[in-house]
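Please keep the sequence and the structure at hand while reading.

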Amino acid sequence: MLRYAWRELVRNPRRTLSSMIGVALGVGLFSGVLFFIDGSSATMTDRALAPLALDMQRVLTSSLGGGLRLTERIAGAGSPHAGDTATVRLTVTNGSVQPAHDVVVNDEPPLPLSYIPGTTAVGGHAIPDRGGQSPLAQGLARAGLNVGTVAPGASVRLAYRARTSRPVKSISALRPRATVSSREDVVPLAANAPAPLTQAQLAARIARIPGVGGANGLSFVDLPPGSLRVGGSRVQGPVRVFGFDRSYQQRYPSIQLSAGGFARRGALLSAEPAQAAGAGRGTTAHIRLPGARLSLPVSGIADLSLAKPLFYSRNSTKLEAFLYVPDSLVVSPRIFARDVIPAFQAAHAAQGTLLKSPPVSEVDIRVDRSILSADPAAALAQTKAIAHRVNRIAPGQDYLIDNISNALAVAAKDASVGRRMFLFLGLPGILLAAFLAAYAGSILAGAQRREHALLRVRGADRKRLRRLLLYRVIAFAGAGSFAGTGLGFLGVAMILGSGDLLSATTNDLVTSGLLGLGGGMLVTGVALYVPARLSLAREVGGERAELRPNRYPAWRRFGLDFVLLALAGVAEVVAFRSGAFDATQGSVYAGQSVSLPSHLLLAPLVAWVGGTLLAVRVCEALAARSPGGGGSQFGSVVFGTLGRGLRRRSRPFAAGVMGVAVVTAFGMGLASFAATYDHAKAADSRFTVGSDLRLTPSPLAAHPASPRLAPKLDVPGVAAVTPVVAQPENAVLIGPHNQDLKELAAIDPRGFQNVAPLSDSFFTAATASQAMSKLLSDPRALLVDSQTAGDLGVGKGEKVSVLLARGTKQQALAKFRVVGLFNRFPGFPEGVNLVANAAYYNASTATRRVDFFLARATDGSPAGIAHATASLEAGPEKSGALAVDSTQTTLNKDQSSLTALNVHGLVDLDSAFTFAMALAAIAIFVAGLILQRRREYVTLRALGMRAAELRRLVLGEVALVAGAGLAAGVAVGTVMAFLMVHVLRGLFILDPSLAFPAGPIALLSGLVAVATLTAALAASAVLERLRTVELLREQ
Amino acid sequence: MSRSGAKISVEAVSRHYETEAGLVRAVDGISLVVQPGEAVAIMGPSGCGKSTLLGLIGGLELPTDGRIAVGGREVSALGDAERTALRRAELGFVFHAGDLLPFLTAVENVALGLALDDGEGAYRTALAVLTRLGLGADSEKLGDQLSGGQRQRVAVARAVVRRPRLILADEPTGSLDGASSAVVIDSLLDARREAGSTLLVATHDPAVARRLDRTLTLCDGKLAGVELSAGEPNA
């Protein structure tokens, strides 16, 4: 039997190929998706870490203190017995040059010791117990004893007695529990803790940890407006003083030196105050510190406008906010420690002085990213291990902000969501493999009936035939799945590159390969076996069954198509109503990943199957009513034959349609999904940038930018430019009941409308055009974002006051009238609350300063934007006076690693297999035609049908199947894509709308047309080679 | 329309096949002549080359060697298109199993023969022929709804509806009982009489052969004998 089965496979290459091709392609798609998931993890890790400014921050908790120490000694018998007593002695020492205020000592004797009431003494003087408890651990909170102020260099001694309740092996082994804190050092310091490390010592020890690429100290403090004088002019805005050295600047290249450099006794001045004061090297900068003054020569000018490590908020509620302070000064760590810190210590030490912004001192740690695993979860384990080792250095003296682990935790969760999403996108591969296998199997089963009959005549019983079938199925499913797994691996290697694919762990790749192989064999084996097994049991002539099927398939009898479509519809409605699609945006710093309801991808899959079955039902019904099948005219020989064949053999036709439709629908759904993903991503980046390009004047520019610069920016490739005024917290909105600090943008309504992607959906109760018209016609018009309007209780038509240009010399209070509300406004990634007319803003503040320009490219494609960028870089930007951001650069800054998923790569993979499977479906259909109808065809030829007519007949039937399958597939695929796209909502700022990918559909249609023609011609050629006489003699 | 039968001339014709088992000489150097309007039976054991000879004469295959002429046209020298045109214009085939197209009704199967030309009035003509053959009531039935004899009679109707000059019937009664067989042969002879066609019938049945003018016997692809029979009066 085995030999017979082998010969059968080898001697019928067309049949063998027809059976295996579907299996190989379907399994190829499925295993390819599994390999793709493995390979794309590396991309996700890289993209997750790319926007991270600081990997880890070890923040010193007592930047103003650090001199307080506590020692604890327990004196008594070395190994006391139960009932023995011991004396606990505590000594608080202030090693600082400043007094320590409100020093609190907290202690409870270590177990099994217990406090002996009334034994506490401070400085040799007995202290009464509080409420019967030790004064060092009193009340429910076990609060300590405030020993008051400890002068610099002074000590305070405390003691109490304790009794042991059971024998102690060694009293010196008992771990002390005392802590000390003060107003300056609010974080309790443990007794006998090692001496606190200085920032430099801490940085040096952290730098030695394996996996740490670098550790550099950074200190800074915020000073109130007017604290800086450069040369003879006073800087109006708030000032930030940094303390770091050259090594820090070299570690973080976004800190750019435009002139001069670091000096031991000097300061770097940020570009803005240097520009305003006309200061350069040698100019003296005078800093007013609390109770002290510091004068330093300017040793260089720095452009800090892009320095994320310096200006990312350290406030836990705003970690992702870039809070730029234009007026900044950089001094050496030594000057910071010698002059700045003591000034604040002195101010802090003075009773009643409240410091709003104490100095911050930290060690910024750069992890060696080259050692991190490609898998975000594995990389997370690595960074956590590094964080653990960092924390073990001088524990308790400071705390660690582990940004990189947060980012990787998000990436790991994103990867998991991505895996699920990819799996749902890949799952159809195995279903398609099963379908194509079953389809080929059913066609072959019909053709094999005769062979089985012959075998039976020769003595083969049913059992042997079943064994033969089993061998055949194992061979087809095994070889097909093996080939498919190989195809999947090769496909992914081509799309991702072998480097990315092989960066996945061997374990992952082997698991994926085995899953693909095993799953493929199982599913396709069943799909191949069942129709053939049923065929063995069937005694009815195939011809009769084909012409007058007396029983519809089960799916049709039970209306599975309607049931599945209804299920998909209900699932969508329920998901919408329950807000399942309103996924929250992720935050890398908060360790919160994007939540994608990937399980809802089941709905499109269900709709895919249901829709295809419905399309098949419709096609069958239409075919049964096809013209050319009745009346007293036969019609032309081709049309008459084709029409009648279609009408009376609608079920095989419908099966062929199903083969093409199910594949096309999947391909179409994925192509739409990818196109929508692209459009949504592009729309998001346009929304974020505000147009195609954002041109930000450099703080180093000789003069502040004004609207007069706009015409100069109108270079080839740029269609329109508009100026925008916007700064963080630059306005105060004063409503009738309340007021609040807000962000205001001043725009030229006409110009803005011309360049920005304004949408009616951004505004409430007005179109975008109406909102801009109101802003244009009424200079005092003000647009307010809905949340601000709600918070401050202002409504449309209300008159409000706004403090413009807050905190600057141009600060002015102006009257406005609220003319509309908006939910979103393009061009302000950090958000904007108020939008006003720039002309009125300029008149009110007597300034013409512009913060940035928005420009629309003549051609919005990547090439067009690149052309416009090149023109700008060659022209106005040549001097470095403008920073050019575009939608393309914004695309690369996406924070969520989920948006960095290589969806295109996956779709390319899917598309390649989809195209191949569509062609395979046509090929299988044609192979089926040849196998099942060759006798009819040779009869027609014998009767005198010309070869060309026969070709037209075959082509007509294949074309009808391909055309109907394509049409049904596009329709079902569109519905599928519509449902899939909803799942993407959580990924983007703007709601994605379904995109119709004309290119891929045209390509698919073209390929199907070519395949149809090729298959029909090949079939005709095969038919021409058949031995007519021999075939006609067969029973 | 009345046309004379086609003369068949077969000269030293061979048809050999290469198979895994070796060379098969299906027809091996046969020469014969069939006069216009003559009804000839070709007999012989299974595999002796009867069907192959009919296929060669009908232009379904080309001989490996030798020359075949039908109605004065050398079939063996014609290209595929010309042989197809010849079959269409001058030949009618009745196959062993009838070979009706299963998705066509009886009348449509017959009309198909006419539709190969222009199809004008094909349906009506086909129905008339079927009625003449006693199948008028079954004309709208599909092939699998007809009995074996009926199917063969429909096949005969399809072969003769265009009044061919040559009718080639390959074991048309092979799977029929005696009565059905007689009806089918009657139909063929009637058609031959009406159209004056030449009739070549490959058969195992001596009763069928006896009703024709002459019987050629083949053995192992060679002509083993020629026998005149009483046969039916030649129209």
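The radius of gyration used here is taken over C-alpha atoms, and the globule rule is 2.2 Å times the number of residues to the power 0.38. For the 235 residues of chain B, a compact globule would have a radius of gyration near 18 Å, and the 17 Å of chain B agrees with that. The C-alpha trace of chain B spans about 50 × 40 × 40 Å along its principal axes.

This is a predicted model, in which local features need pLDDT of at least 70, side-chain atom pairs count only at pLDDT 80 or more, and totals for chains, interfaces and linings use all residues. Residues are numbered from 1 along each chain as its sequence is written, and chains are lettered from A and ligands numbered from 1 in the order in which they are written.

**The two chains**

Helices (H or I, at least four residues) and strands (E, at least two) are DSSP runs, numbered from the N terminus. Chain A has 28 helices and 32 strands, while chain B has seven helices and ten strands.

A residue is buried if 20 or more other C-beta atoms lie within 10 Å of its own, exposed if 12 or fewer, and partly exposed in between, with C-beta atoms placed from the backbone. Of the 1035 residues of chain A, 49% are buried; in chain B buried residues make up 57% of the 235.

Two residues are in contact if their C-beta atoms, placed from the backbone, lie within 7 Å. Among contacts in chain A with a separation of 6 or more, 82% are between residues 24 or more positions apart. In chain B, 68% of the contacts between residues at least 6 apart in sequence join residues at least 24 apart.

**Where the chains meet**

The contact between the chains takes 29 residues from chain A and 31 residues from chain B. On the side of chain B, the elements that give two or more residues are α1 (50-57), α2 (80-90), α3 (106-115) and α4 (122-132). For the classes, Ala, Val, Leu, Ile, Met, Phe, Trp, Tyr, Cys and Pro count as nonpolar, Asp, Glu, Lys and Arg as charged, and the others, Gly among them, as polar. The side of chain B that touches chain A has 16 nonpolar, seven polar and eight charged residues.

**Nonpolar cores**

A nonpolar core is a set of buried Ala, Val, Leu, Ile, Met, Phe, Trp, Tyr and Cys residues joined through C-beta atoms within 7 Å. The largest core has 225 residues, and those that touch the most other members are A:Leu436, A:Val657, A:Ile922, A:Val926, B:Ala126 and B:Leu130. Helix α25 (residues 903-943) of chain A gives the largest share of this core, 25 residues. A second, separate core of 60 residues includes A:Val724, A:Val725, A:Phe763 and A:Leu882.

Leaving aside neighbours within four places in sequence, B:Ala126 is in contact with B:Val107, B:Val110, B:Ala111, B:Leu114 and B:Val161.

Axes are lines fitted to C-alpha atoms, for helices over the stretch in contact, and angles run from 0 to 180 degrees between N-to-C directions. A crossing is left-handed if the near helix is turned anticlockwise from the far one by less than a right angle, and right-handed if clockwise. Two pairs of helices are listed below.

| Helix pair of chain A | Angle | Axes |
|---|---|---|
| α16 (602-624) and α18 (650-689) | about 145 degrees | 9 Å apart |
| α15 (560-577) and α16 | roughly 145 degrees | within 8 Å |

The crossing of α16(A) and α18(A) is right-handed. Residues in this contact include A:Trp608 and A:Val616 of α16(A) and A:Phe653 and A:Val657 of α18(A). By class the contact of α16(A) with α18(A) has 15 nonpolar, four polar and two charged residues.

The crossing of α15(A) and α16(A) is left-handed. Among the residues that make this contact are A:Leu564 and A:Ala568 of α15(A) and A:Val606 and A:Leu613 of α16(A). The contact of α15(A) with α16(A) divides into twelve nonpolar, two polar and three charged residues.

In helix α22 (residues 838-845) of chain A, the buried residues include A:Tyr840 and A:Tyr841. The buried residues of α22(A) pack against strands β24, β25, β28, β29 and β30 of chain A.

A:Pro196 lies in the loop between β11 (189-190) and α3 (199-207) of chain A. A:Pro196 counts as buried because 22 C-beta neighbours lie inside 10 Å.

A:Ala137 is in the loop between β7 (125-126) and β8 (145-150) of chain A, and is buried, with 20 other C-beta atoms within 10 Å.
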